[in-house]
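Welcome to this guided tour. Open your viewer, get your selection tool ready, and follow the stops in order.

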Amino acid sequence: MPLVLYNSLTRRKDPFVPIDGNNVRMYVCGPTVYDLAHIGNARAVVVFDQLYRVLRHTYGADHVRYVRNITDIDDKIIDAARANGEPIEALTARTTALFHADMDALGALRPDVEPRCTGHVPQMIAMIAKLIAGGNAYAAEGHVLFAVASWPRYGRLSRRSRQEMIAGARVEVAPYKRDPGDFVLWKPSTPDQPAWDSPWGRGRPGWHIECSAMSEAHLGETFDIHGGGLDLIFPHHENELAQSESAHGGKKFVNFWMHNGFLSVDSTKMSKSLGNFVTVHDLLEQGVPGEVIRLALLSTHYRDPLNWTDEALDQARRRLFRLYVALNRGKHPVVRDNDLALDPVREALEDDLNTPLALTHLSDLATLVNRSHDLGEIEERDRLQGVLAASGQLFGLLSIEPEIFLKGEQRSDDALIRSRIAARIQARRERRFADADQIRNELVNIGIILEDKPDGTTDWRKA
Ligand SMILES: [Zn+2]
């Protein structure tokens, strides 16, 4: 089955065909480096990493060029550096390193190119000059603004009316703007703010032009996929689209626009003031394995809203634990060969990244491994374990040696063992003895010995 992706531009699933033969080019908006990554940031990274893995599997690792920028020029950075009393370069370097460490822990592959805004200011200035020359932008009082009236297709990506766009962008009313919808390409800096020389005075670029210039520098004028969170579709992506196509004489900017859905925490919008701000760093510090966080993020389809709860995290943990237990049956090294991945897992992923369905196939596969192990069909078990490992790899999961993962889990989480014992007692009560035995086997496999008491409770100890 060919790869099919939902395109925000056409509002439907379209077959994906690369522009350049077998070579795929993808740009994803990266982090603004002033603070720790929260799980909303992580969702976008993991979703597009999942797509990157599927593309690499389909077209070959050398045929996918994935660019994700680092935004290291932004007013939020200037404000945070001032509040911390630290130099901007120190803040952005520290935050970038933390971002890398957190995303590595989630199994997200590094992009092929990770351009920084500070390294591309000349390209931004060149693009702004081109927009002015073409009548799409104008300089006024040290600012350069994009003239939305010069681009009739403005609003076509986010499908918003002019009124909605003006309200949605919370545009500043400034006397130098010809139209309230015009947005900043360049703005002047005060002596204490970062600044570069330009034909319009010393200043710095606006956020939107940064991505247009960096994608052009590393992927060319037209490329295959542009991704980001749904919160970026307006104004950021709408503005990128207007700038790039205007600067390139109307030439198509991007074939597929892809957006991942919103994330809430306990059904509430995540915000620092509400105290429900969950960072990847904190979760990892609490001993939650990165693969558990990854699985929790992929358990919901990427276009659906994701509600982050302790329960969902716990569920992901149990699910991954079960996969590792299956991989550990027989306690022998498992052959890891990507080509062995199960067809239904691959096909589900190729259908607009249907990760919930693909994960169900992965769980079914674990059941088959357990069954063949219990029946003593060693060859079949080993074969299925190879398929499970390869299918997990397509997901960025099961990358750890099973024994090591299970031992780590066992040390860090007695609560998990207790919850499995409770599930087993429940299964016995409901006379689902096969399920109860399965849980006992899982636990035995990681060195947990159960002792059933006459009063219906169960004691446990480590072997
Ligand atoms: Zn961007």
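**Stop 1: Leu295**

Select Leu295 and look for its partners: leaving out residues up to four places away in sequence, Leu295 touches Ala316, Arg319, Leu320 and Leu397. Here, two residues are in contact if their C-beta atoms, placed from the backbone, lie within 7 Å. This is a predicted model, where local features need pLDDT of at least 70 and side-chain atom pairs count only at pLDDT 80 or more, while totals for chains, interfaces and linings use all residues. Residues are numbered from 1 along each chain as its sequence is written.

Leu295 lies in helix α9 (residues 290-298). Helices (H or I, at least four residues) and strands (E, at least two) are DSSP runs, numbered from the N terminus. Is Leu295 buried or exposed? Leu295 counts as buried because it has 27 C-beta neighbours inside 10 Å. The scale works like this: a residue is buried if 20 or more other C-beta atoms lie within 10 Å of its own, exposed if 12 or fewer, and partly exposed in between, with C-beta atoms placed from the backbone.

**Stop 2: two domains**

Next, colour the chain by domain. The domain assignment gives domain 1 (4-260) and domain 2 (305-412); such bounds come from an automatic or database domain assignment. Taken over C-alpha atoms, the centres of domain 1 and domain 2 are 36 Å from each other. Their contact takes 13 residues from domain 1 and 13 residues from domain 2.

The largest share, 8 residues, comes from α1. By class, this side of domain 1 has 6 nonpolar, 3 polar and 4 charged residues. For these classes, Ala, Val, Leu, Ile, Met, Phe, Trp, Tyr, Cys and Pro count as nonpolar, Asp, Glu, Lys and Arg as charged, and the others, Gly among them, as polar.

**Stop 3: the largest nonpolar core**

Select Ile128, Ala137, Phe146, Leu185, Tyr324 and Leu388. These residues touch the most other members of the largest nonpolar core, which has 112 residues. A nonpolar core is a set of buried Ala, Val, Leu, Ile, Met, Phe, Trp, Tyr and Cys residues joined through C-beta atoms within 7 Å. Helix α1 gives the most to this core, with 11 residues. The core draws at least three residues from each of domain 1 and domain 2.

Zoom in on Ala137. Not counting residues up to four places away in sequence, Ala137 touches Ile128, Leu131, Ile132, Val144, Leu145, Phe146, Ala147 and Leu185.

**Stop 4: two helix pairs**

Show α2 (residues 75-84) and α3 (residues 88-105). Their axes come within 9 Å and cross at roughly 105°, so α2 is roughly perpendicular to α3. Axes are lines fitted to C-alpha atoms, for helices over the stretch in contact, and angles run from 0 to 180 degrees between N-to-C directions. Angles under 35 degrees count as roughly parallel, over 145 as roughly antiparallel, 65 to 115 as roughly perpendicular and the rest as oblique. At the contact, Ile77, Ile78, Ala80, Ala81 and Asn84 in α2 meet Ile88, Leu91 and Thr92 in α3.

Now move to α11 (residues 343-350) and α12 (residues 355-374), which pack at an angle of about 170° with their axes 8 Å apart. That makes α11 roughly antiparallel to α12. Pro344, Val345, Ala348 and Leu349 in α11 meet Thr355, Leu357, Ala358, His361 and Leu362 in α12. This contact divides into 7 nonpolar, 2 polar and no charged residues.

**Stop 5: backbone details**

Finish with the backbone. The peptide bond from Phe234 to Pro235 is cis, with omega near 0°, and Pro235 is in helix α7 (residues 233-247).

Asp266 has a positive phi of about 50° although it is not a glycine. Find Asp266 in the loop between β11 (263-265) and β12 (268-269). Asp266 counts as partly exposed, with 13 C-beta neighbours inside 10 Å.

Leu398, also not a glycine, has a positive phi near 60°. Leu398 is in the loop between α13 (378-394) and α14 (402-412), and with 25 C-beta neighbours inside 10 Å it counts as buried.
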